[in-house]
Amino acid sequence: MARKYIDCREFPSDMRCTVAISADSDDELVEAATQHAVSVHHEHDTPEFRAEIRRAIHEGTPPLTVA
């Protein structure tokens, strides 16, 4: 099973968040990323938002820098 991640640096914001979250499963990653987005970025936990997070998942580990 490949490690998966989502990286806040890929989403432009005034906050310039540098958090990257990784997990072994999509479901675990979506849950953690949703909790982060709601508590830090004041997003709303909706099915549409969770689908958007799912589309942003990458396999592997986060790179040191994002282009």
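Trainee: Which residue forms a salt bridge with Asp 27, and how far apart are the closest N and O atoms?
Mentor: Bear in mind that this is a predicted model. A salt bridge pairs a side-chain nitrogen of Lys or Arg with a carboxyl oxygen of Asp or Glu within 4 Å. Here the partner of Asp 27 is Arg 54, with the closest N and O atoms 2.8 Å apart. Asp 27 sits in helix H1 and Arg 54 in helix H2 (residues 47–55), so the bridge links distant parts of the chain, 27 residues apart.

Trainee: Are these two residues buried or exposed?
Mentor: Asp 27 counts as exposed, at 54% relative accessibility. Arg 54 counts as partly exposed, at 38%.

Trainee: How many salt bridges does a search of the whole structure find?
Mentor: The search finds six. One of them joins Lys 4 to Asp 26, with 3.0 Å between the closest N and O atoms. Lys 4 belongs to strand S1 (residues 4–7) and Asp 26 to helix H1 (residues 26–41), so this pair ties together parts that lie 22 residues apart in sequence. Lys 4 is buried, with a relative accessible area of 16%, whereas Asp 26 is partly exposed at 27%.

Trainee: Which residues are linked in a network of salt bridges?
Mentor: The network links Glu 31, Asp 45 and Arg 50. Within it, the side chains of Asp 45 and Arg 50 meet at 2.7 Å, N to O. Asp 45 is partly exposed, with a relative accessible area of 45%, and Arg 50 is also partly exposed, at 23%.

Trainee: Now the sheet. What is the order of its strands, and is the pairing parallel or antiparallel?
Mentor: In general, strands of a sheet pair through backbone hydrogen bonds, and the pairing is either parallel or antiparallel. In this model three strands form an open sheet in the order S2-S1-S3, with antiparallel pairing. Strand S2 (20–23) and strand S3 (58–59) stand at the edges and each has a single partner strand, so one side of each is left without a neighbour in the sheet.

Trainee: How many bridges join S1 to S2, and how many join S1 to S3?
Mentor: S1 and S2 pair over four bridges, and two bridges join S1 to S3. As for individual residues, Ile 6 has Ile 21 in S2 as its bridge partner, while Tyr 5 stands opposite His 58 in S3.

Trainee: Which way do the residues of S1 point, and are they buried or exposed?
Mentor: Lys 4 and Ile 6 point one way from S1, Tyr 5 and Asp 7 point the other way, and all are buried. Asp 7 has 1% relative accessibility. The side chain of Asp 7 is joined to that of Arg 9 by a polar contact of 2.5 Å.

Trainee: How should I read a pocket? What space lies in the largest pocket, and how many residues line it?
Mentor: The general idea is that rolling a probe the size of a water molecule over the atoms shows where empty space is left. In this structure the largest pocket holds about 350 Å³ of space. Its lining has 20 residues, and those nearest its centre are Cys 8, Phe 11, Ala 37, His 41 and Phe 49. The elements that give two or more residues to this lining are S1, H1 and H2. H1 gives the most, with five residues.

Trainee: What classes of residue make up the lining of the largest pocket?
Mentor: By class, the lining has 13 nonpolar, four polar and three charged residues.

Trainee: Last, backbone angles. What is the phi of Arg 16, and where is Arg 16 found?
Mentor: Most residues other than glycine have a negative phi. Arg 16 is not a glycine, yet has a positive phi of about 55°. Arg 16 is found in the loop between S1 and S2 and counts as exposed, at 71% relative accessibility.

Trainee: What is the phi of His 42, and is His 42 buried or exposed?
Mentor: His 42 has a positive phi of about 60°, although it is not a glycine. His 42 lies in the loop between H1 and H2 and is exposed, with a relative accessible area of 63%.

How values were computed. Residues numbered from 1 in each chain as written. Predicted model: local features only at pLDDT ≥ 70, side-chain atom pairs only at ≥ 80, totals over all residues. Heavy atoms only, no water. Buried < 20%, exposed > 50% of the residue type's maximum accessible area, 1.4 Å probe, protein only. 1 Å grid on protein atoms, 1.4 Å probe; cavity = no way out; pocket = protein on both sides within 12 Å on 5 of 7 lines; lining within 4 Å. Points joined across faces, edges and corners; volume = space filled by probe spheres on them. Nonpolar A, V, L, I, M, F, W, Y, C, P; charged D, E, K, R; others polar. Pairing = 2+ DSSP bridges. Polar contact = N/O pair within 3.5 Å; in protein donor to acceptor, adjacent residues only side chain to side chain.
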